[in-house]
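Dear colleague,

Please find below the structure that I am handing over to you. A summary of the findings follows it.

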Amino acid sequence: MKNKSSNKIFTAEREGQNSFFDKFGIADTELSNNTDGIYNGNLFEFKLNINNTDAVLFQALKYLNHMRIKGVSIPANILLVDLNQEIAYLFNSQDFADDYINCPPFIGAASKGNDEFNTTIKPEV
């Protein structure tokens with residue numbers, strides 16, 4: 001499957017992330033709290049391919065929990081970006097406040113053990 005606009009298939013998440021930020025003129029992205037970027041009230045989570053939106057969303061919720069515990073402001077939006085399909089899924093962070101407040105702190109990779117999370121809240125695509 002080819003990337004629609006560039007006909008390029010990304011093989012490295014960081015390469016796709018840089019391409020995304022360049023394409024949309026996003027500079028000075030804050031790479032903090034283990035996230036793929038925070039910019040203008042948006043928390044970004046990039047994947048080469050998103051096969052399970054709920055699992056990737058739960059990873060982002062773990063980051064929000066980590067930020068909350070540290071006393072860092074929570075971004076208003078969560079933006080999950082499927083780099084190779086050029087699809088972005090936009091969620092409102094407030095819709096998941098109970099989930100990230102009650103999310104157990106994680107040790108190791110936040111991307112692990114997320115397959116059981118489910119939500120009925122649909123993103124803007």
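**Summary of findings**

The accessible surface of the protein comes to about 7,100 Å², and 47% of that surface belongs to carbon and sulfur atoms; accessible areas come from the Shrake-Rupley method with a 1.4 Å probe, and for residues only the protein chains shown count as cover. Please note that this is a predicted model, in which local features need pLDDT of at least 70 and side-chain atom pairs count only at pLDDT 80 or more, while totals for chains, interfaces and linings use all residues. Residues are numbered from 1 along each chain as its sequence is written, and side-chain values use heavy atoms, with hydrogens and water left out.

Of the 125 residues in the protein, 43% are buried (buried means under 20% relative accessible area, exposed over 50%, partly exposed in between, with a 1.4 Å probe and protein chains only). The protein has three helices and four strands, which run α-β-β-α-β-β-α from the N terminus on. Helices (H or I, at least four residues) and strands (E, at least two) are DSSP runs, numbered from the N terminus.

The four strands form an open sheet in the order β1-β2-β3-β4, with mixed pairing; two strands pair if DSSP finds at least two bridges between them. Its edge strands are β1 (38-39) and β4, each of which pairs on one side only. β1 and β2 run antiparallel and are joined by two bridges, and Tyr39 stands opposite Asn42 in β2.

β3 and β4 (residues 87-92) run antiparallel, joined by six bridges. Ile78 has Phe91 in β4 as its bridge partner. These two strands form a hairpin with four residues between them, and Glu86 in the turn has a positive phi of about 55°.

Within α1 (residues 13-23), the buried residues are Gly16, Gln17, Phe20 and Phe21. Seen down the helix axis, they fall within an arc of 135°, so they line one face of α1; the arc is that of the directions from the axis to the C-beta atoms. On the other side of α1, Asp22 and Lys23 are exposed.

With kind regards
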